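Q: Hi, could you walk me through this one? I'd like to go through some contacts and the packing.

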Amino acid sequence: MSIIGVGIDVAEIDRFAASLRRTPGLVERLFLESELLLPSGERRGIASLAVRFAAKEAVAKALGAPGGLHWTDAEVYVEDSGQPRLRVTGTVAARAAELGVKSWHVSLSHDAGVASAVVVAEG
């Protein structure tokens with residue numbers, strides 16, 4: 001296997017929250033319903049959403065930042081073990097297949113008002 005692409009992104013959490021407040025419908029354009037909820041069914045906090053947004057930006061960068069990717073075609077989820085994972089469909093899956101991506105590695109973090117994500121596309 002070889003590295004096809006690496007993406008990294010950061011999101012300032014307060015700025016991200018302000019964007020969500022300012023733009024009606026943005027949450028629905030960025031996230032799947034499953035990404036909005038914790039396993040308990042409670043709504044995710046803003047830091048958790050910001051880090052998922054950073055991961056989606058990192059995915060686009062790992063794929064060469066082509067136009068036409070849909071935010072909801074990259075789903076960030078967490079396994080029972082706590083490990084973050086990525087599930088791709090639609091436009092993101094098509095670009096990944098075009099590049100030969102076979103697996104994804106995801107790292108998420110948020111601290112001191114900043115959410116950060118690294119994504120590695122491997123093929």
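Q: Which side chain does the side chain of Glu-122 make a polar contact with?
A: That would be His-105, at 2.7 Å. Keep in mind that this is a predicted model.

Q: Where is Glu-122 found?
A: Glu-122 is in strand E5.

Q: Is Glu-122 buried or exposed?
A: Buried, because its relative accessibility is 18% and the cut-off for buried is under 20%.

Q: What else does Glu-122 touch?
A: Leaving out residues up to four places away in sequence, its contacts include Met-1, Ser-2 and Ile-4, and also Gly-100, Val-101, Lys-102 and Ser-103.

Q: OK, switching to helix H1. Which of its residues are buried?
A: H1 runs over residues 13-22, and Ile-13, Phe-16, Ala-17, Ser-19 and Leu-20 are buried there. They sit on the same side of the helix, because they cover an arc of only 155° around its axis.

Q: Why would a spacing like that put residues on one side?
A: An α-helix has 3.6 residues a turn, so residues three or four places apart point the same way.

Q: And which exposed residues does the face turned away from the buried side carry?
A: Asp-14, Arg-15, Arg-21 and Arg-22.

Q: What covers the buried residues of H1?
A: The cover includes strands E1 (3-12), E4 (103-111) and E5 (114-122), along with helices H2 (26-30) and H4 (46-62).

Q: What happens at the start of H1?
A: There, a side-chain oxygen of Glu-12 comes to within 3.4 Å of the backbone nitrogen of Asp-14.

Q: Now the core. Which residues of the largest nonpolar core touch the most other members?
A: Phe-16, Phe-31, Leu-86, Trp-104 and Val-119, out of 32 residues in that core. H4 contributes the most, with 10 residues.

Q: Phe-16 again! What does Phe-16 touch?
A: Not counting residues up to four places away in sequence, Phe-16 touches Leu-30, Phe-31, Ile-46, Leu-49, Ala-50 and Phe-53. Phe-16 is itself buried, at 6% relative accessible area.

Q: How many aromatic pairs does the structure hold?
A: Three. One of them joins Phe-16 and Phe-31 edge-to-face, with 6.4 Å centre to centre and 85° between the planes. This pair links distant parts of the chain, since Phe-16 is in H1 and Phe-31 is in the loop between H2 and helix H3 (33-36), 15 residues apart. Phe-31 counts as buried, at 3% relative accessibility.

Q: And how do Phe-16 and Phe-53 pair, stacked or edge-to-face?
A: Stacked, at 5.3 Å centre to centre and 25° between the planes. That pair also links distant parts of the chain: Phe-53 is in helix H4, 37 residues from Phe-16. Phe-53 is buried too, with a relative accessible area of 15%.

Q: Which residues do the ring pairs link into a cluster?
A: Phe-16, Phe-31, Phe-53 and Trp-71.

Q: Last topic: what feature does UniProt place at residues 5-106?
A: The unreviewed UniProt entry gives "domain: 4'-phosphopantetheinyl transferase" for that stretch. Over residues 5-106 the model is 45% helix and 22% strand, and the end C-alpha atoms are 12 Å apart.

Conventions. Residues numbered from 1 in each chain as written. Predicted model: local features only at pLDDT ≥ 70, side-chain atom pairs only at ≥ 80, totals over all residues. Heavy atoms only, no water. Buried < 20%, exposed > 50% of the residue type's maximum accessible area, 1.4 Å probe, protein only. Helix = DSSP H or I, 4+ residues; strand = E, 2+ residues; numbered from the N terminus. Arc of directions from axis to C-beta. Contact = heavy atoms within 4.5 Å. Polar contact = N/O pair within 3.5 Å; in protein donor to acceptor, adjacent residues only side chain to side chain. Core = buried A, V, L, I, M, F, W, Y, C linked by side-chain atoms within 4.5 Å. UniProt positions renumbered as here; feature names shortened; annotations may be inferred. Phe/Tyr/Trp six-rings, centres within 6.5 Å; stacked < 30°, edge-to-face > 60°.
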